[in-house]
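Hello,

Here is the structure I promised to pass on. Please open it first, then read my notes below.

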Amino acid sequence: MRWISAADPVALKLGLRIGMAASKAQAMVADLLMVDASPAEDAAALERLALWALRQYSPVVAVDGADGLVIDTEGADHLHGGEALLVSGLVNMLRGRGLTARAAVADTWGAAHALARLLAAETTVVPVDNVTKAVIDLPIVALRLPTETVQGLRVLGIDTVGQLSAMPRAPLTLRFGPEPGRRLDQMFGRVAEPIEPIRTPELVEVAKNFAEPIGAPETIAKYVRRLVAQLSARLAEDGLGARRCDLFIHRVDNTRQHLRAGLAKPVRDPARLSKLLCDRIETIDPGFGIEKLVLVAVFAEPLEERQVASSLIEEEVADITPLVDILGNRGHRLFRVAPVASDVPERSIRRIAATAPDIGEAWAVKWPRPTRLFANPERIEVIALLPDQPPAVFTWRGKRRRVVCADGPERIFGEWWHRPREFQAVRDYFVVEDELGERYWVYRAGDGIDPETGSHLWFVHGVFG
Amino acid sequence: MANHALNPVLAELRERIEQLEGGSQRARQVLPFGVAEVDRALPGGGLAFGALHEVAGGGGGTVDGAAAALFVAGIAARSRGKVLWCMTRPDLFFPAVAQAGLHPDRVVFCESDREEEALSAMEEGLSFGGLAAVVGELVRLPMTASRRLQLAAEKTGAMGIVLRRWRRQNEASDYGQPTASTTRWRISTLPSERLPVAGVGRARWLAELMRVKAGECAEFEIGAPDGKGRIDLLPTARDGADQTARWRSLAG
């Protein structure tokens, strides 16, 4: 007997369902294309995805069942702009790779598991301490229980998580064993459910157990340095450099914290790695003591020693990658800017990575450009002669300014190859100076004659120095 | 001021005080402006490396700090090495800065969410060493913070420049509060050079050296940095006749 284990949207539309017999499906739809399911390949693909998420998102990622991933986003979400942006970004990223995904963020593994699988929404974010409200109406299949238990509970008339949790615990355990109670407690966060992060043999990992729990920051720093030294030695053996390092802190009360250090370029210099990790030791809460430290290089790249030609004449420009790493790990956004060949001012600039190779070129434009450019041009009231005279007077932020001298217009055409709406758009830019010598970059949307080219409203776009 | 610099007795005294202040300190390096009048007003003949400097705008520039940013860019352009530019409001339009001679490859921006984070990034940059200058756009600069920045700069010899810009124009009175910075500047715009034809001439600024350690305050009328970051002194600065007209126009 063969069964359907997965179906694409077109098949679902035709009335095929997962769990349907293959022969019935073939009877319903002629010329049905069927591919043999391969659980082993699926599992391998899921593991690859988990490793990718491990590098990209959080130090704690594991495969959840046969069809999901579980990610501990604690301490990792702010790097992606918050939980909502993290999950929507993740879902979009997967869609870009041709995968359909649903994601949920909740306080516990159990709740997130259930919500991601049972809600129709693509992304769900449950606020902290709101798990009970979110899961109370979910069916009991959400509880990761064996099928027989679920059927047994249904026979008793229990359909939702809320009904099950209202049952007295003793008869329930007598009838179905400890499993339903344990799963309920895990879902509501009453018992801990640690996530064991995925590991592969290639990952370089060093650990240190303590006979006596440690807690002082200096002691932690001392052992972090020792672990980093061991890790660097292991990386050097393999000719690798670390790009992401995770430090796991196991406390005596069986809870775990983690610190992640990201690097812009592969590194195995112990001093740099330990500075990055020791920099944030104050964020560790040792509680009653730490019994184990584990350091893993989750993402390593080949790093070879290279001889650098040195010049005795030229002044050496220091490599700032260590500084970029330190600041980047503290949550600052580091970037450089590079020119883009576009006349539209806001498009003439793009951000590149701080450690990207030198571009070498600067902006070719020789016209004066304002030092500050407003993200949103601000409306001004203007008295000006049409079609191509600069304003004589303008009112900006409630203050009337008389224009003493002006330069312009500098006509900038819309870029229809970016947006079809800009096909006829025109902006006429003027440099205007008021009586105090303060100079502004103002523009008129439109060429002053043809209403097709713009609204003929005036805006301030920037301030000159 | 010029006399002070030339007086041998004072010069000797100054040297002895410097020895007392920091015996192990390496010889102070300076970045001259290349304008004799300005350099004479600064001890050592230029803006000191390994020190903290404060720059703010005047008038509308207290909020946008456009002229001050360009002045700082001119200074950074004439230094050698990378520049770290810390800020919380990313509205600097780099093509303008590039026109003052600062190449985009030399500047690494560091955008933070809060002021304190920008301060900590500045301090980290100053104590990193190997950077030519660290620029920070800040609203508040308490004494303690400025002291930390000054000490970090002294240790590595990088130049720290705090670009003060406020949320509202009337908050700029904060600029009178004492800080540990070595020099303090205010850059306000002046009406630009009148051209014989219609159009806007080269930008002109009033650069007030409001405070300088071991020196006296001064003010200069300067032309905005050229393509290599060099400022120059305007011919009108010598007689001060233009000043009253300027103040009258500011008051009215």
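The largest nonpolar core has 102 residues. A nonpolar core is a set of buried Ala, Val, Leu, Ile, Met, Phe, Trp, Tyr and Cys residues joined through C-beta atoms within 7 Å. Buried means that 20 or more other C-beta atoms lie within 10 Å of a residue's own, with C-beta atoms placed from the backbone. Val442(A), Val72(B), Ala76(B), Ala133(B), Val135(B) and Met159(B) touch the most other members. Helix 5 of chain B (residues 66-78) gives this core its largest share, eleven residues. Helices are DSSP runs (H or I, at least four residues), numbered from the N terminus.

The model is predicted: local features need pLDDT of at least 70, side-chain atom pairs count only at pLDDT 80 or more, and totals for chains, interfaces and linings use all residues. Residues are numbered from 1 along each chain as its sequence is written, while chains are lettered from A and ligands numbered from 1 in the order in which they are written.

Now look at Ala76(B). Beyond its neighbours within four places in sequence, Ala76(B) is in contact (C-beta atoms, placed from the backbone, within 7 Å) with Val83(B), Leu102(B), Ala132(B), Ala133(B) and Val135(B). A second, separate core has 64 residues, among them Val61(A) and Ala242(A).

Helix 2 of chain B (residues 8-21) has 14 residues. Its count of buried residues is zero.

Chain A has four domains, with bounds from an automatic or database domain assignment: 9-36, 40-188, 204-302 and 372-463. The centres of domain 2 and domain 3 of chain A, taken over C-alpha atoms, are 30 Å apart. Four residues of domain 2 of chain A are in contact with six of domain 3 of chain A.

Best wishes

Notes. Buried ≥ 20, exposed ≤ 12 C-beta atoms within 10 Å, placed from the backbone. Helix = DSSP H or I, 4+ residues; strand = E, 2+ residues; numbered from the N terminus. Contact = placed C-beta atoms within 7 Å. Expected span 1.5 Å × (residues − 1).
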